[in-house]
Structures are given as structure tokens and as C-alpha cells.
Amino acid sequence: MHLIVAMSNSTGGLIIFGIDERTMTVVGVEDSYKDAISVLKQAIQKYSVAVRYQFTHEVIDGKDVVTLEIFKGQSTAYFSRVETSPERQIAYNFSQTEDGRFTIGKEAEMRYSKVYKYMTIEAFLTSMYCGNWRFFEPSKWNDRFERRFYCARYNFHASIGNTPQLFATCVTRVKNNEAAWKVYAHGLGLGAHCLQLELDIVELRKQLRASGFRFEERVVTYENEHVILNLHKKRRPHYNKYFSSFSLDKFLRLLSLKRDAYTYEQELRLFIIPNNVGKRNGCKNADYRDLPIQWKDVITKVRVDKNCSPAELVSIQRACFSVGINPVIKNYSFIGRVVPPVGLKDVEFERFDIDDMPGTSVITIN
């Protein structure tokens, strides 16, 4: 895995299984080459993120040879010996020294410890008072490019059991995202303003894994619109990448494709899969699941629209009280100066204006 991650971080490359490196003779892959590929896929998926790869199987001199092609990463790839401990995930930098040798330099840093979720005030109040987070079927997504592979008809045997009904939500690794802020502050009433939750991803993963659903986390892959429209066609170059040796992992990869016009979002998709698999629903009948969340353990900081009215802010305050959070806004006092109940967790709330500009609003140009 060290080598795979390092290759993805640098320029990519090939790893050939079934060739003796010393004699350059064909020895073949031990046991079943399909099993070997499956084990490697599981290792890459379990211990790294952002590694893009492709397997090729060939029969040479009657023996199975497998080539693993590692593509140069579009973002930094990561490696960890322990899947459930992001604190130990290490970024590897692959570099060349002056004498031509390649070295792997370690940086003791987490893959990402915080993620961000945008909500309208209405959705936030509902989530707090109900103590849950609503996950929707992907057929509910607004973007037709994103829901096309969930709503598709899969007419090949490998799809059986690998295209289940599931539910998802989206978060981002970007703290400052003007476009997302604008998108979520678009409605009327309590939907006219939004807020941004900073979430502890380690705690969130823990709670989602304990929910009784299978939990999967995927980094969104941004592709050209033409690729997304045509990759399901057998003669297209991307078909094998997504449909050869089809599996649940590849189904989730399809559901994590997005047009490259949205690369700025740096999105993550969180999926939950019920144990009792249901039928996938189209957009008109899209279902949802409400997962219980201990918000006080997950929320670490909040930005709230500076244009919120005092009534909206006090509604936010009371909703936070209900989940054990005391929202603290610097240089601001909530209506009524209510003394918070004993035992609440103080969380910093920042009144934020995405369009705020330092200095005077009118300038003189000579």
C-alpha cells in the first residue's frame, strides 16, 4: 500500500503481478487471479482515499498475469494502518533526490479531521429538535447527471446485490465556499438564511457506524460531462473502469461522480445501506432515512448568516439547548439574556457575511 499511495501522489505507474522481477520470466499469479484482484481492491479501498486505479488481466504462456495501473492522483492520496483511526492516517510525498533516488517523506497529519455541512435555518431547527440527520435516496438529488446511475436499469448478472437501495448526504472539506453559501440561502421564510456546521468527522463516522446501517464514505470524483454521459456504453474507454468486475464499490463510485464544473466543492458523500435491501425508487418516490445523531458530540463550530433576525437567532439558541449545546456568539447577546441550562457544551457561533468587504463601501478613483 505504501508504494501504491506514493505512486498516486507522484506520477502514477504500473505494478505487474505474475512476473519474476529478477529473471523477468512469467511465473503467474498464485491461486485465483480474481481473488488476488479482489483482495487488492479491498486493501486500496480500506486504507487509502483518492487512489485511482485499474486492473488488467492477461494470459501469457498459459499463466495469469495481472497489471495494476495507478493513475496520478488529482488530490493527495493517504495511507493508514488502521481504518477507524484517522488520527494515524499519514500523507506520503513521493519525491526525487538530486542523485536520482526516489524517497517517501512522511507528514504526520490527518487526512481530514473536520468537514462542513450547509443547512437552511429550517433544516437546522428540524435536525436539532428531532435529534437526527435525514439521508435521502440519490434519486432525490436535483442534478440529473448525479442521479442517473442510481436510477439506471442494470441488466447484467454482477449487478444483483451490488446495486441496493441506499441513502446519502453530502459534506465538503472546504471551509470557505461562497457558491454553497449562496445555494443554501435561496428560499423563503426560515429557508432564506443558512448556516455552516463544522463537524468532527471522526465522531460522525463513529455514530454512523453504530446506527445499524452499513456506512460508506466516498470522495467525489469530478469528471468531464461528456465522460459521465457516455461511460455506460461498452465501446467507450471508461466502461471497463466502472463496469468490469462490477461490485458494490463500483456502484458507489458511480454515485460519487460529478461534473468537473463543481470541482471547487471538494465534496464527500456519506452513504448508509440498510441490512434489509429494498427496491431503489425513482425521483418521484424517493425515500429517506432519519439517523439519530448526538449533535453536541459532532458539532465543533458554527457559522450563521449575519442577516438572521433576532427571532431566528433565538430560535437557533433554543434548538441548540435541546441537544445540549450552548451557542456562544462573540459580542452578541440573545434576546432575553436567557441563562443556559447547567451542563451544556459551549460551541462558538460566528455571525458571518459571505459578501462582507473590509473598508468603506464607497471608494474614490482619480
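The structure holds zero disulfides, a disulfide being a pair of cysteine sulfur atoms within 2.5 Å. This is a predicted model, in which local features need pLDDT of at least 70 and side-chain atom pairs count only at pLDDT 80 or more, while totals for chains, interfaces and linings use all residues. Residues are numbered from 1 along each chain as its sequence is written, and side-chain values use heavy atoms, with hydrogens and water left out.

**Cysteines**

- The closest cysteine sulfur to that of C308 belongs to C194 and lies 8.2 Å away, too far for a bond.
- C308 counts as buried, at 5% relative accessibility; buried means under 20% relative accessible area, exposed over 50%, and partly exposed in between, with a 1.4 Å probe and protein chains only.
- C170 is partly exposed, with a relative accessible area of 23%.

**Helix α3**

- Helix α3 spans residues 121-130, and its buried residues are I121, F124, L125, S127 and M128.
- These residues lie on the same side of α3, because they cover an arc of only 165° around the axis; the arc is that of the directions from the helix axis to the C-beta atoms.
- An α-helix has 3.6 residues a turn, so residues three or four places apart point the same way.
- The exposed residues Y129 and C130 sit on the face of α3 turned away from its buried side.
- Packing against the buried residues of α3 are β8 (114-120), β9 (132-136), β11 (194-200), α10 (295-298), β17 (299-305) and α11 (310-321).
- Helices (H or I, at least four residues) and strands (E, at least two) are DSSP runs, numbered from the N terminus.
- After α3 comes G131, with a positive phi near 65°.

**Confidence**

- The chain has a mean pLDDT of 85, with 89% of its residues at 70 or more; pLDDT is the predictor's confidence in each residue, from 0 to 100.
- Among the elements of the chain, α10 has the highest mean pLDDT (97) and strand β7 (residues 102-107) the lowest (46).
- Residues 84-96 have pLDDT below 50, and this stretch has 54 contacts in the model beyond near neighbours in sequence; a contact means heavy atoms within 4.5 Å.
- Over residues 104-110 pLDDT stays under 50, and the model has 20 contacts for them beyond four places in sequence.

**Strand β18**

- Strand β18 (residues 325-329) is largely enclosed by the rest of the structure, because four of its five residues are buried.
- β18 and strand β19 (residues 345-352) run parallel and are joined by five bridges; two strands pair if DSSP finds at least two bridges between them.
- I325 has K345 in β19 as its bridge partner.
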